[in-house]
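This report goes through a structural model at the level of chains, contacts and backbone geometry. Please view the sequence and coordinates alongside the text.

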Amino acid sequence: MQSSKIINYDYSVAKLFAIATIVFGIVGMVVGVWIAFQMAYPELNNLANEYGTFGRLRPLHTNIAIFGFILSGVWATWYYIGQRVLKVSMIESPFLMILGKIHFWLYLVGVVGVVVSLFMGITSSKEYAEFEWPIDIAIVVVWVIWGIGIFGLIGIRREKILYISVWYYIATFLGVAMLYLFNNMAVPTYFVTGFGDWWHSVSMYAGTNDAMVQWWYGHNAVAFIFTVPIIAMIYYFLPKESGQPIFSYKLSILSFWGLMFVYLWAGGHHLLYSTVPDWVQTMGSIFSIVLILPSWGSAINMLLTMKGEWQQLKDNPLIKFMVLASTFYMFSTIEGPIQAIKSVNALAHFTDWIPGHVHDGTLGWVGFMIIASLLHMAPRMFKREIYSKKLLESQFWIQTTGIVLYFSSMWIAGLTQGMMWRATDQYGNLAYSFIDTVNVLHPYYTIRGVGGLLYLIGFCMFAYNFYKTMTVGKEIEEEPHSTSPMAA
Amino acid sequence: MFHWLEKNPFFFAVAVFVVIAYAGIITILPDFMNSARPVVGTKPYTVLELAGRHVYIKDSCNACHSQLIRPFKSETDRYGMYSLSGEYAYDRPFLWGSKRTGPDLMRVGNYRTTDWHENHMLNPKSLVPGSIMPKYGHMFSNVADIETAYAEALTVKKVFNVPYDEIDMPKLGTFEESSKIVLAEAKMIVDDMKSPEVKAAFARGEIKEIVAIIAYMNSLK
C-alpha cells in the first residue's frame, strides 16, 4: 500500500461522476416519492396533464434511479478504485484520461435523451429497457468507451494480480453488455417501410419469447447493476475504511464464480405460472434458492472482515453504513429466494411485496453502499475532512427508519392484497371485488410514501454534507490511512 | 485455486463471459420455435388496434395492469380462461406487466364496452368509486398515430412473416387502402361514443387516441 504515496492518482473523472450520482440520486428519489404519494392520493396524477401521470413517471423513476444514480455511483467508484488497485494513475495515459471525460459527457447527453423521451411517452414498454433504439445505440457507445477504459487501465497496470473489486467491475461490464444487446434487439419500422416516426421500432421477439428474454435481462440487470458492482465497492471500501484485511480470499473466489454461474438462471422466477415452459419456471425457482449461497458468501465474508473490530461500528458512521448495507444485502437475498418459491410466488406475484423487496435491496444495500463509498472517497479526493459526523449520524437513523417503514408497509400491503384476491366466501365465490383490494391499501401506501420521504431527506443531508466537505471541510495534509477523518 | 486467472485479464474476462452466457442459451433457445407458434384462431392486430396498443404503451398502462391470467381458480373466476402461450404470438412487445395495481386486462374485451371505457378514461371514479387510476382526458385531445402503427404492421409482415393479407386475416394493403379500413373500423367505435370533441374530430378525418385504445381494449379477448 506504500506505493499510493508515490503515485499521484487523478480523480477528475471520479469527481464528475460523484456529483452526477448525488444529483441523479435526488432527482430519482424525488420522482419516486412523488409517485409513491400518487398511489395514496390519486389526485396528484392530474396536475401536469399527460406528463404527470403515474404511468409516465414510473419509468422515469426506475431509469433515473438505476441508470442515473446507481450507474453514476458505479462509475465514480470505478474511476477511483480502478487506479488504486491497479497501481496506475490516469495521468499516465492522456488517452484514458480523455476517454474518461468523453465517457462522462456522452453519458450526460444520453441521460437528457432518456428524460425527454420518457416524458414524451417514447418507450418500448420493457421494464428497465424502455429506451428506443437511437438511445440504445448511444448507450452501447458509452458502454464500449467504459470497457476500453477498464481494459486500457488494466493493460498499463503495475499490480499484476487483479484485486477482487476489478473482477466484479469486469463482470458488470460484460454482463450488462450481453444482456442489454440481446434484450433490445428491435427492427426500426421507418427504415423498413418508410412510414411513421423514425424512432419507432418493434421487438425482434414476440409474446412468450419476448417475456423470457426480457426477464432474463430484467433479473440480471438487477444482478449486474444492483449487486455485482456494489460488491466491488464493499470489497474495496470496507477493508480500507476499517483497516482490516478481507476475512477470506478463498471465500471471495468461491462467491464470485458462484454468483456468476448461478445468477443468470434465476430470471425464470419472474415468470412463474406464466406461459413459459414449466421446466424453465422450475429452474428459475431452484436456482434462486441456490443463489443464497454465493450472495451470503460475500456478505458473510464482509461481516467477518470486521471480526474483533466491532467497536468501529460505534465510532465510525461509515462502517455503520457499510455493515448495515451488507446486512440488508443478506436480508434482500433471502427474501428474493423466498418469493421465488412457486407457492409463495403464487401469492406474492403482482403485489406490492415485490416493489417492497426491490427497495430494501436498493435503499438498504445499494444506496447505503454508494453513500458510504462517496464519503470514503471525499477526504481523499478533495484532501478535506468530512464536514459533519453529527449530520451523518442523524442521516443514518432517518434513512434506516425510512427503509423499515418502506418494506414493512409493503409486506403488509402485498400479503393483504394477495390474500384478498384469492379469498372466497362459504359458497366458493370470490369474496372481494378488485376495488376492495385497492382501497384497503391506502394506509400502507401512505406509510410507504413517508418512508420514502424520510430516505430522501436523509439523502439530501448527505448531499449537503458532501457539498460542504468539498467546499469548506478542514484541509488535511496527508491522505488518511484508514478511518476517514470527520469533524464533529 | 484460480490464481492464474487473476493475473490474466483476457482469459479472466473470457471465463466470466462463458460462465454467464450459457444459462441464457440453455433456458431460452430450446423452446423458442414452439413458443412462437400461435394458437388456432389467434389473429394479428388491425392497424387501429395496433395504434391503440401504442397508446397503451405510451402511457405505460402496463405499469399497473397485467395481461397474464395465471392458472388458478381465483384468477379464472375473476378474469376468464388462463393465458396460453400461443395467444401472445403476435404481441411485440409482450405486455404481461409485473404489477397489478389495477386488474388484469388480458380479456377485458369480454366484459367491458366502448361506452364503459369512454366514461372510465375521463373519470375512473365515476364508474369505480375509490379507484386510484388517473384521469386520461388527454386521450380525447391527442391524435392517434395511425401511420406508425401501419409502419409496424408492415414491418412485422415483411420481416417476421406475420400473416396480414392472408385468408381470414386482417387486411393491410397499401397505406391508402389501410387508411380506409382504419376509418371504417374507427367509425364503429366513434358511433358508440358520446364525446362531441371526438365526433367532430372524426368528421374532419382525425382519429383520437381514445378511439384507438378502445379498439385495442375491445380486441383483448
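This is a predicted model: local features need pLDDT of at least 70, side-chain atom pairs count only at pLDDT 80 or more; totals for chains, interfaces and linings use all residues.

## Chain A

Chain A contains 17 helices and 2 strands. Its radius of gyration is 23 Å, close to the 23 Å that the globule rule gives for 488 residues, so chain A is as compact as a globular protein of that length. Along the principal axes, the C-alpha atoms of chain A fill a box of roughly 75 × 55 × 45 Å.

Of the 488 residues in chain A, 56% are buried. When contacts in chain A between residues at least 6 apart in sequence are taken, 81% of them join residues at least 24 apart.

## Chain B

Chain B has 10 helices and 0 strands, and its pattern along the sequence reads α-α-α-α-α-α-α-α-α-α. The radius of gyration of chain B is 22 Å, well over the 17 Å given by the globule rule for 221 residues, so chain B is more spread out than a compact globule. The box filled by the C-alpha atoms of chain B, taken along the principal axes, is roughly 75 × 45 × 35 Å.

Buried residues account for 47% of the 221 residues of chain B. Among contacts in chain B with a separation of 6 or more, 73% are between residues 24 or more positions apart.

## Contact between the chains

In the contact between the chains, 73 residues of chain A meet 73 residues of chain B. H7(A) supplies the largest share of the side of chain A that touches chain B, with 8 residues. That side of chain A is made up of 40 nonpolar, 23 polar and 10 charged residues.

## Helices H7 and H10 of chain A

Two packed helices are described by the angle between their axes and the distance between the axes. For helix H7 (residues 207–242) and helix H10 (residues 292–305) of chain A, the axes come within 10 Å and cross at roughly 5°. An angle under 35 degrees counts as roughly parallel, and H7(A) and H10(A) are therefore roughly parallel to each other.

On the H7(A) side, the contact is formed by A:Ile231, A:Ile234, A:Leu238, A:Pro239 and A:Ser242; on the H10(A) side, by A:Ser298, A:Met302 and A:Thr305. The residues of this contact comprise 5 nonpolar, 3 polar and no charged.

## Backbone details in chain B

Most residues other than glycine have a negative phi, and most peptide bonds are trans. The bond that joins B:Arg92 and B:Pro93 is a cis peptide bond, with omega about -5°. B:Pro93 sits in the loop between helix H4 (73–79) and helix H5 (114–122) of chain B.

B:Asn161 is not a glycine, but its phi is positive, near 55°. B:Asn161 belongs to the loop between helix H7 (146–160) and helix H8 (175–191) of chain B. With 9 other C-beta atoms within 10 Å, B:Asn161 is exposed. From C-alpha to C-alpha, B:Asn161 and B:His138 are 35 Å apart in space, and they are 23 residues apart in sequence. The loop between H7 and H8 of chain B also holds B:Asp165, a residue other than glycine with a positive phi of about 70°. B:Asp165 has 12 other C-beta atoms within 10 Å and is exposed, the cut-off for exposed being 12 or fewer.

Methods. Residues are numbered from 1 along each chain as its sequence is written. Chains are lettered from A and ligands numbered from 1 in the order in which they are written. Axes are lines fitted to C-alpha atoms, for helices over the stretch in contact, and angles run from 0 to 180 degrees between N-to-C directions. Helices (H or I, at least four residues) and strands (E, at least two) are DSSP runs, numbered from the N terminus. Angles under 35 degrees count as roughly parallel, over 145 as roughly antiparallel, 65 to 115 as roughly perpendicular and the rest as oblique. Two residues are in contact if their C-beta atoms, placed from the backbone, lie within 7 Å. Ala, Val, Leu, Ile, Met, Phe, Trp, Tyr, Cys and Pro count as nonpolar, Asp, Glu, Lys and Arg as charged, and the others, Gly among them, as polar. The radius of gyration is taken over C-alpha atoms; the globule rule is 2.2 Å times the number of residues to the power 0.38. A residue is buried if 20 or more other C-beta atoms lie within 10 Å of its own, exposed if 12 or fewer, and partly exposed in between; C-beta atoms are placed from the backbone.
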